Amino acid sequence: MPLDPQARYQADAVDRLNYKPTEEERMKLANLEIRLRHQPLPQHCVEKTAGTRTLKPFEKEQFEQYIKIKNGPWSEDEDLEIKRNWRDFCNDHDWDPKNPKPLLQMKHKNKEFYMSLRNRKMFMRFLANGLDDRTLYSVFQRFKVLYDKHKISKYSEYEDQTILDYMKDYKVKPEGRNRVFADLAIILKRTRASVWRRYRALCKASENEQQANN
């Protein structure tokens with residue numbers, strides 16, 4: 001008997017959360033020694049993580065000692081810069097440019113990293129070459145948008161309920177620093193920012209409904 005749509009959706013979500021590179025890919029990542037084509041800019045050496053967290057206030061202050069951080073929409077030229085950097089990275093390190101997945105999701109179940117912290121930072125700096133006013137975090141998020149398939153359609157009722165149930169189970173506040181939105185992004189095949197915005201919209205709609213009923 002075929003699985004119903006919800007069961008298939010849940011099974012697919014489990015597969016994505018449990019993703020691991022092949023043994024060959026893991027060995028290659030573990031032995032990779034990433035080399036830059038450029039001298040990394042000082043602002044791209046500020047972040048303590050490898051582009052996986054937004055900057056803390058003191059990191060932002062250090063970054064902006066060199067240049068003001070650019071936020072907001074990405075230009076076509078900036079996207080082309082990331083694509084060129086990805087192509088150059090693949091050429092320099094004998095990596096298949098059609099296989100970005102192991103570098104999009106570098107950790108298994110939030111525990112096991114496939115590359116050293118040093119190499120993860122070097123990879124982000126490689127991608128950030130020519131993007132002086134963008135943080136490594138911002139560059140990595142954009143890289144994921146460009147090379148990972150995400151849904152951009154309207155959220156379904158099931159997706160909305162999945163978000164609410166997930167947040168309720170984990171008792172996480174939207175401003176909290178955690179992995180919950182990143183995990184939901186994987187489950188729903190959407191960007192982390194999109195899921196965060198949808199959750200805020202759902203919370204706002206709930207507040208408005210409660211006020212209307214009072």
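Confidence in the chain is lowest in helix α1 (residues 5–17), at a mean pLDDT of 51, and highest in α4, at 96. Here pLDDT is the predictor's confidence in each residue, on a scale from 0 to 100. Over residues 1–9 the value is below 50, and this stretch has six contacts in the model beyond near neighbours in sequence. A contact means heavy atoms within 4.5 Å. The chain averages a pLDDT of 82, and 82% of the residues score at least 70.

The model is predicted: local features need pLDDT of at least 70, side-chain atom pairs count only at pLDDT 80 or more, and totals for chains, interfaces and linings use all residues. Numbering starts from 1 along each chain as its sequence is written, and side-chain values use heavy atoms, with hydrogens and water left out.

The chain holds 10 helices and two strands. From the N terminus on, the order is α-α-α-α-α-β-β-α-α-α-α-α. These elements are DSSP runs, numbered from the N terminus: helices are H or I with at least four residues, strands are E with at least two. Of the 214 residues, 40% count as buried. Buried means under 20% relative accessible area, exposed means over 50%, and partly exposed lies in between (1.4 Å probe, protein chains only). Among contacts between residues at least 6 apart in sequence, 70% join residues at least 24 apart.

Now the interior. In soluble globular proteins, nonpolar side chains tend to be buried together. A nonpolar core is a set of buried Ala, Val, Leu, Ile, Met, Phe, Trp, Tyr and Cys residues joined through side-chain atoms within 4.5 Å. The largest such core has 25 residues, of which Ile34, Trp86, Phe89, Leu103, Phe123 and Phe143 touch the most other members. Elements giving two or more residues to this core are α4 (76–93), α5 (101–104), α6 (117–127) and α7 (136–147). The largest share, five residues, comes from α6. Leaving aside residues up to four places away in sequence, Phe89 touches Leu32, Ile34, Trp95, Leu103, Phe123 and Phe126. A second, separate core of 13 residues includes Met167, Val180, Ala185 and Tyr199.

The most come from α10, with six residues. By type, the lining divides into five nonpolar, two polar and three charged. The pocket contains about 190 Å³ of space. On a 1 Å grid over the protein atoms alone, a pocket is an open set of points where a 1.4 Å probe fits, with protein on both sides within 12 Å along at least five of seven lines; lining residues have an atom within 4 Å of a point. Points are joined across faces, edges and corners, and the volume is the space filled by probe spheres set on them.

Two loop residues remain. Thr22 lies between α1 and α2. Thr22 is partly exposed because its relative accessible area is 43%. Thr22 and Pro102 are 80 residues apart in sequence, yet 8.9 Å apart in space, C-alpha to C-alpha. Cys45 is found in the loop between α2 (23–31) and α3 (57–63). Its relative accessibility is 38%, so Cys45 counts as partly exposed. Cys45 touches Pro40 and Arg125, not counting residues up to four places away in sequence.

How values were computed
Nonpolar A, V, L, I, M, F, W, Y, C, P; charged D, E, K, R; others polar.
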